[in-house]
Each structure stands twice: as structure tokens, then as C-alpha cells.
Amino acid sequence: MADEKKTEQAEAPPAGPSKVVLIISMIVPGLLAGGASFAGSMMGAAQGAAAAAPAPTSSVQANVPGPTVKLAPFVLSVKDDKGGAHPMKVSIAVELAAGSAEADFDSYEPRVRDATIRLLRNLSYDEASNKETHDGLRDSLLAALKELGVTQAQQIWFVDFVIQ
């Protein structure tokens, strides 16, 4: 009987985890923490180098848009060659010069709306439905705004242009 107890004890696996598992469970988190620390220091060095890079040139800064003011939609009609009326809805946004305040533009809004309506009402259906004329419309409207005293206007954007 004593021999049987010794064989059972010898065949039974140890009660706790093996030493190899314990060592691995201690080494792996240490390696991961070290790798994360190294990656963080490399990222910090890369950001420091980017901060030390020279400032962008003025040509790049010139492309930075100023505030943009979106006007309420314009709904009007244009006539075709046969005299038929076609409804049109146009929404525009006026991009102001960098450093301009939107509040400075507010007093010009009635003038801008009037100039836009006059320009759009002079269009025929064929002109309004031709996508190639949109650039000319932008240029004409911007010139009209400058004549009205809206000197901070830099660009006109068509947000919606729907015609039936």
C-alpha cells in the first residue's frame, strides 16, 4: 500500500502553475511596456522635429480661407426662348478675407442679395442651365460686390444651383 501511495503522488501534476508559465507571464508585460515606452519616445521626437520645421511660406498661408457667410436661398424664375418660366433656386456663400469678421459683412447683406438677384434675373434659361457659365457668374458677382464696397469678399461659392 505504501508503494501505491508513492506512485499516485509521483503521477499527480504539481498543484500550482509551472515556473516557466510564471516567468513568461512576468517577462511579456515587461517587454510590452518597454516597447510602448520606446514607441512613445520616438513619436515625441518626431513631433519635436515637426515643431522645429520652418513656418510655411506666405503662398501657403494665402490659401487659408477666411470666414464664409452663407446667404439664405434665392428663389426666382428665368425665361426660356419661348417665354416659358423656369423656377430656379440658388444658394451662395461669400468667403471673406482672412482676418475679416462676419459681423462686418452683415450690414452689406441687403446689397449683396440685391446684386445677386439682379444678376440672376438677367440670365436666360439656357445661360442658367449651362454649367460653363457658372465661373463667369462667380466673377461677375464678385466684381459687383467689390463695387458695392464689400472689399473683404474674396470668393463666391454656389452651394445650391437648381433649375427646372
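The structure is a predicted model, in which local features need pLDDT of at least 70 and side-chain atom pairs count only at pLDDT 80 or more, whereas totals for chains, interfaces and linings use all residues. Residues are numbered from 1 along each chain as its sequence is written, and side-chain values use heavy atoms, with hydrogens and water left out.

The chain holds seven helices and four strands, where helices (H or I, at least four residues) and strands (E, at least two) are DSSP runs numbered from the N terminus. Along the sequence these elements follow the pattern α-α-α-β-β-β-α-α-α-α-β. Of the 164 residues, 21% count as buried; here buried means under 20% relative accessible area, exposed means over 50%, and partly exposed lies in between (1.4 Å probe, protein chains only). Among contacts in the chain with a separation of 6 or more, 69% join residues 24 or more positions apart, a contact being heavy atoms within 4.5 Å.

Val112, Ala115, Thr116 and Leu120 are its buried residues. Seen down the axis of α5, the buried residues fall within an arc of 125 degrees, so they line one face of the helix. The arc is taken from the directions from the helix axis to the C-beta atoms. On the other side of α5, Pro110, Arg118 and Arg121 are exposed. The cover over the buried residues of α5 includes β2 (74-79), β3 (85-96), α4 (102-106) and α7.

Leaving aside residues up to four places away in sequence, Thr116 touches Phe74, Ile92 and Leu141.

His134, Leu137, Leu141, Leu142 and Leu145 are buried in α7. Viewed down the axis of α7, these buried residues fall within an arc of 130 degrees, so they line one face of the helix. Asp139 and Glu147 are exposed on the other side of α7. The buried residues of α7 pack against β3, α5, α6 (125-129) and β4 (153-163). After α7 comes Gly149, whose phi is positive, near 105 degrees.

Within α7, Leu137 is buried, with a relative accessible area of 6%. Not counting residues up to four places away in sequence, Leu137 touches Leu119, Leu123, Phe158 and Phe161. A search of the whole structure finds one aromatic pair. That pair is Phe158 with Phe161, edge-to-face at 5.3 Å centre to centre and 85 degrees between the planes. Rings of Phe, Tyr and Trp (its six-membered ring) pair if their centres lie within 6.5 Å, with planes under 30 degrees apart counted as stacked, over 60 as edge-to-face and the rest as tilted. Both Phe158 and Phe161 are buried.

Salt bridges complete the picture. A search of the whole structure finds two salt bridges, each defined as a side-chain nitrogen of Lys or Arg within 4 Å of a carboxyl oxygen of Asp or Glu. In one, the side chains of Arg118 and Asp114 meet at 2.3 Å, N to O. Both residues lie in helix α5 (residues 109-121), four residues apart, about one turn of the helix. Arg118 counts as exposed at 54% relative accessibility, while Asp114 is partly exposed at 35%. Asp135 forms a salt bridge with Arg138, the closest N and O atoms being 2.7 Å apart. Asp135 and Arg138 both lie in helix α7 (residues 134-148), three residues apart, about one turn of the helix. Asp135 is partly exposed at 48% relative accessibility, and Arg138 is partly exposed at 21%.
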